[in-house]
Each structure stands twice: as C-alpha cells, then as structure tokens.
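Here are a few notes to keep beside you on a first look through this model. Please have the structure open as you read.

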Amino acid sequence: ECLKVYNTFTPPSGGTNERPYAPKPGELYYNYDFKTIEFFDGYGWRQVDNTTRSGRGVLMGGRNEPGAEIANISYIQITTKGNATNFGDLNAGARETGGCLGSETRSIKGGGQNAEEQNEIEYITTASQGNAIDFGDLNNRVRSMGAVSSSTRGLFASGCVHPNTDTDVIDYIEIATVGNALDFGDHVAARNVVAIGSPIKACFGNGNSSTTMRTVNFASKGDTVFFGDATQDTSGAGTIGNSTRGIFCGGYLVPLGHGCPAIGSITFASLGNTTDFGEMLTGVTANNGGMSTPTKGVIGPGQETFSGSNTHFPWLDEITISTYGSAVDFGDPGPHSNFTPKVSDSHGGLGGF
C-alpha cells in the first residue's frame, strides 16, 4: 500500500552540445534537445526512449519528370506506404544533385546546381511544413557530393566544384546551429560519391570509376581511411541504413552507364567489403541518398541510363533493413524525379535504442 524509495539520484542534464566530455560506458544523461534519457555505450550516446522521431522522410529539390530542376520539398512517412506530400520550397530556388543530411529535428540541403554549381546550405524543421531557411554556405560551389550526419554533425564530402572539377574536400557543419561550413579533412577527388553512417562513423562509397569505400569518425576531424570494396563499380547509388548496417542501392554501372539493380550492405562495426543484399525493382539508379528508420529504408526515384533518353522511374522502393531481400513498391515521389537528395529524421547516424 505504500512504497519508500531511498538513494535516488538525478542524472546530469543539458543540451546535445553539453554532453559530458569524457563519459564512461553506462553513464546516464538527460538530453533537453531530445527530451529523453541517454546512455553512453562506450562508442556514442544512445537514446533510451526517443520521442522526437516521427519516421518522416524528406525529398528536397532535384529534377521533375521532364528533367528540369525544381525547388519543391516533399515528405513521406516511412513507416507506412504512400505518396509524397508537399512540404514547401527551397529557399535558394531550383536545385539538383545536392546533398541532404539531418538530425532528429532538422533536414539540411547543401550545394547542387541550376545551370552551374552552388554553395548554399538551407534547412527545414522536419516535423513542420514550410519553406527552407538559409543556414550558411559551403566552402566551394559544389554538386554530386556525399552527405551524411550523426545527431550533431553533418559532413559533405567530395563532389564536383565549379567549373566542372572534382574535389577531395570534406566540409562539416554543426546541425543545431547556423553558419558556414568548416574544413573537416579530405576524402578522394571524385563526383557522385554516396554516403551512409552510424552514430559513430561515416562511410563514403563509389564515386566515378571506383569500388573503394572509405570511412571517418564524426567526432574527430581528419582524412578518410580504407573501409572495404563494393562488389559493383557504380556511381550515384541510393543509401539507407540503421545504427549497425549501411546499404548501397543501385547506381550507374561504370563504364557502361546504365542502371544496376544490385543492393549491397556493410556492417559499420567491422571493416570489409559489401555483401549481396538483394535487388531493386528495376535496373535503375536511385541517386542522392535515401530515407530510413531503424527497420525500413526508402530509395528512389531514379533513371535507367546516364545519358540519352534518361528513362525515369517515378516511384519509390522500400526494403526491410534487418533482413536480406529485394525491394518492393512504396509509393509515388510527387514532383521529384532523378537527382533528388533525400534524408529522414530517423536515419542510422542518430543512434537510439
């Protein structure tokens, strides 16, 4: 009928950027930003009961079905099948081939092109609808780069800088703030690089004429190091994942220039080559990222060939991350076609438990 509690304690608390500097495994912390208890697992902070993630995926810009750059922003709910819904418009206008990354609360787009490469970074609050807001600038005017993030830090790697020159630069931003990007280190000079991450590390793959995957830790600046090799020499793949597994979907076969349906996966905790996962619905590229929850990933739309008619496939594919198998239909991407960057509020780099 009654309960007496002794020796209670209150864990340290604060914002994401105020987490303890050198935590021990098992240490607790209450995060005001995410409104949840976190624990340190020896590698990173994991949210015990994160209530801020809705499983929302965002498509930002790209091209429409005829092939013109668009400024539209649309969203989906990853946990349920369905068509994309209008969210708002990009602040900097029509853009394609940029990079998207984000946290539990923000979705951020950087770079891209409309006639020529651009350097603008802009963001939205993922849970609400409306137009994008200026965040700052990248160090270069760049397109076709890899973009990936942890809960707090976002990286934009490599790509093609104005005027049509490959770069090896990695820029980084602190997602919770606004401001210009800073230098993080170097990757390799290549365009059409793709990226996926865990809460601890980012993995960059492919790029034109390369099967090499390289990795870097979010928390420490520096150059990428070798991770493994992809089984297919592709560029512009779609990327999805959770905190343990990263998945590369489709892409252009180099040097043939047509779509590859293969899906390959990696395990972040161990270095190594991709392993076969399954296939996409068609032999199609699903360039510029993807949208994930811890259990499901959504990729697309894309196209079949790199040049010529550029046959578009105006639909989204979904896969279950924890089990091997081929993709199934998810829904319609709205006005977005190929070269559309994407991100979610629940992707692999955000931790969680």
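**Notes on strand S5 and its surroundings**

1. Strand S5 and strand S6 (residues 72-77) run antiparallel and are joined by five bridges; strands count as paired if DSSP finds at least two bridges between them. Follow Arg56 across and you reach Gln77, its bridge partner in S6.

2. Before going on, a word about the source: this is a predicted model, in which local features need pLDDT of at least 70, side-chain atom pairs count only at pLDDT 80 or more, and totals for chains, interfaces and linings use all residues. Residues are numbered from 1 along each chain as its sequence is written, and side-chain values use heavy atoms, with hydrogens and water left out.

3. S5 has another partner to look at. Three bridges join S5 to strand S35 (residues 342-344), and these two strands run antiparallel. Here Leu59 has Lys342 as its bridge partner in S35.

4. Is S5 buried or exposed? Five of the five residues of S5 (residues 56-60) are buried, so the strand is largely enclosed by the rest of the structure. Buried means under 20% relative accessible area, exposed over 50%, and partly exposed in between, with a 1.4 Å probe and protein chains only. Arg56, Val58 and Met60 point one way from S5, while Gly57 and Leu59 point the other way, and all are buried.

5. Stepping back, the protein has 35 strands and zero helices. Both are DSSP runs numbered from the N terminus (helices: H or I, at least four residues; strands: E, at least two). Of the 353 residues, 56% are buried.

6. What about overall dimensions? The C-alpha trace spans about 75 × 40 × 40 Å along its principal axes. A compact globule of 353 residues would have a radius of gyration near 20 Å, and the 19 Å of the protein agrees with that. This radius is taken over C-alpha atoms, and the globule rule is 2.2 Å times the number of residues to the power 0.38.

7. Contact means heavy atoms within 4.5 Å. Among contacts with a separation of 6 or more, 52% are between residues 24 or more positions apart.

8. Finally, have a look at Thr224, in the loop between strand S21 (212-217) and strand S22 (225-229). Thr224 counts as buried because its relative accessibility is 4%. Which residues is Thr224 in contact with, leaving aside its neighbours within four places in sequence? They are Ile170, Asp186, His187, Phe204, Arg214, Thr215 and Val216.
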